[in-house]
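Hi there,

Here is the structure I promised to pass on.

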Amino acid sequence: MPTRSTVRKACPRRGNNGSVSNSSASVPLPAADRPDAARALRDALIEAEFTADGLLELLGAPAYAALARSETVPALRATRGDSPLETLVRLFLLQQPVARERLAGVLDVDLGVASGWLRDVNGASGASGAAGAAGVAGVAGAEVAATVDVRPYGGPDGEDWFIVSDLGCAVGGAGGIGSRDEGVVLGVGGASTTLAGITVRTPVDSALDIGTGSGIQALHAARHATHVTATDLNSRALHITGLTLALSGVQAADLREGSLYEPVGEGGDARYDLIVSNPPFVISPGARLTYRDGGMSGDDLCRSIVQGAGQHLNEGGFAQFLANWEHVEGEEWTERLRSWVPRGCDAWIVQREVQDITQYAELWLRDAGDHRTDPAEYAARYDAWLDEFEARKVKAVGFGWITLRKTASDEPSITVEEWPHPVEQPLGDTVRAHFERVDWLRTHDDAALLQSSFTLAGEVVQEQVGLPGAEDPEHVVLRQGRGMRRATKVDTVGAGFAGVCDGTLSAGTILDAIAQLMGEEPVLLRDQTPAQIRTLVEQGFLEPVRRA
């Protein structure tokens, strides 16, 4: 689900009793105001093994997985002891008050309260300042509670990171979010991790995260970008992004408030080597839930953010987005998306899923918790979704990934495809390699291709399909074991060619040998086969040998 705001955004914030709390409730002071508190809290969390690995060991796989579904009962049962780690899990993940005395053995409680990460409960309402905190500390049974959700998040190289979000907003529950609360900030969901996984991670000077939310994309970018800019329409999200970065021990980002590209200049004055966004892409009637509904008609928000990227990218820079798009009657969805690609950019667009309009409406009605409301109210809202789609002649909605790369080529490459099958994350290297192959193919005509050498990509296997006992298979399939895990049909020439590609012989020499074995004219194979070789290169089954 989308978890970041570009135009507008909101999400639920629930207390322990399930009620929705006010979004104006306190959050910790800005990280820049109390860096000592963020460092001290980080040290305490790591010392207590409040990390992704530590949680898995404590809770066990079933309870750990249940937390990702917002199911807390298994974790509550697993944290009935009084160890430092159990105390922190109950405090920050399960949002249960814990005894002040018990927590004092784990971290500096007074510093936590003073800096806003913690708040006193049980009679603390009349206390203020250091004297008030000291008074509460002396009360028998005094407890403290967290003001935000702090969730361990393992970085790609084993880094101990922490994602900060509003209480009850770490992930969506099975019952739907069901809140109209403005200004609160979601944590990490499946969409967030998907975008992080497909992003190209080469070292760059500058990166832009549009609609940063809790800061997960900015956090990843901080590993390989010298300068990170994070924007959001929601000032609360920018505040929490700063806390996420500080608590994770990475460099601070340039935090800017505003919509879409407005905070960095609509005219393209600011340019970046990497732009990422997981925007509020849900296509809905109106902007009732602004953390997910973009507030523009149809898929206009996604189109706007894609089209605007071209003027903000440096040469060779990447822009990567998650998006929804409409399938409109009488229009090819592939052509719709081609029209989004800005001038001067190569593009690779992958449709991962398609839902008819009834499935799509039901998904997001459940996300909002509308299925738990009065049946008549639910039906009216369902009708409103279908009315909106009918008015625009929308028959289905697609979801997927859009990657742009700024190019100086006179003929940009635009690939739009559907691939709903399982893939192997992270895919950043796969995305980068796709565009490197595009460059190679663009500069090699058929004559140059036949003079080139190739190697078979790693973990590619051949499958033959046909009736048992048949002399020849009906068709041959090459299948990748890594990355996109593609499968493609080839003829006997293509299969034989791929099987002997080890980088030592040119394509023309291999085809001449195959022609001799098959009793074919070499000129015929040289004329017919380059198109098949190009497909195998484009899809990553064959890698060109690049000569020094």
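**What turned up**

Arg 303 is partly exposed, with a relative accessible area of 25%; here buried means under 20%, exposed over 50% and partly exposed in between, using a 1.4 Å probe and protein chains only. Its partner in a salt bridge is Asp 300, at 3.5 Å from N to O, where a salt bridge is a side-chain nitrogen of Lys or Arg within 4 Å of a carboxyl oxygen of Asp or Glu. Asp 300 is partly exposed as well, at 27%. Helices are DSSP runs of H or I with at least four residues, strands are E runs of at least two, and both are numbered from the N terminus.

Before going further: this is a predicted model, in which local features need pLDDT of at least 70 and side-chain atom pairs count only at pLDDT 80 or more, while totals for chains, interfaces and linings use all residues. Residues are numbered from 1 along each chain as its sequence is written, and side-chain values use heavy atoms, with hydrogens and water left out.

On confidence, pLDDT (the predictor's confidence in each residue, from 0 to 100) has a chain mean of 89, and 89% of the residues reach 70 or more. It stays under 50 over residues 7-24 and over residues 124-134. Where pLDDT is low, the predicted coordinates should not be read in detail.

Back to the charged pairs: the whole structure has 32 salt bridges. One of them joins Asp 110 and Arg 100 at 3.1 Å, N to O; this pair links helix 7 to helix 6 (residues 100-104). Asp 110 is partly exposed at 43%, whereas Arg 100 is buried at 6%. Another joins Arg 534 and Asp 446, with the closest N and O atoms 3.2 Å apart. That pair spans 88 residues, from helix 21 (residues 530-538) to helix 17 (residues 446-451).

Happy browsing!

Conventions: Contact = heavy atoms within 4.5 Å.
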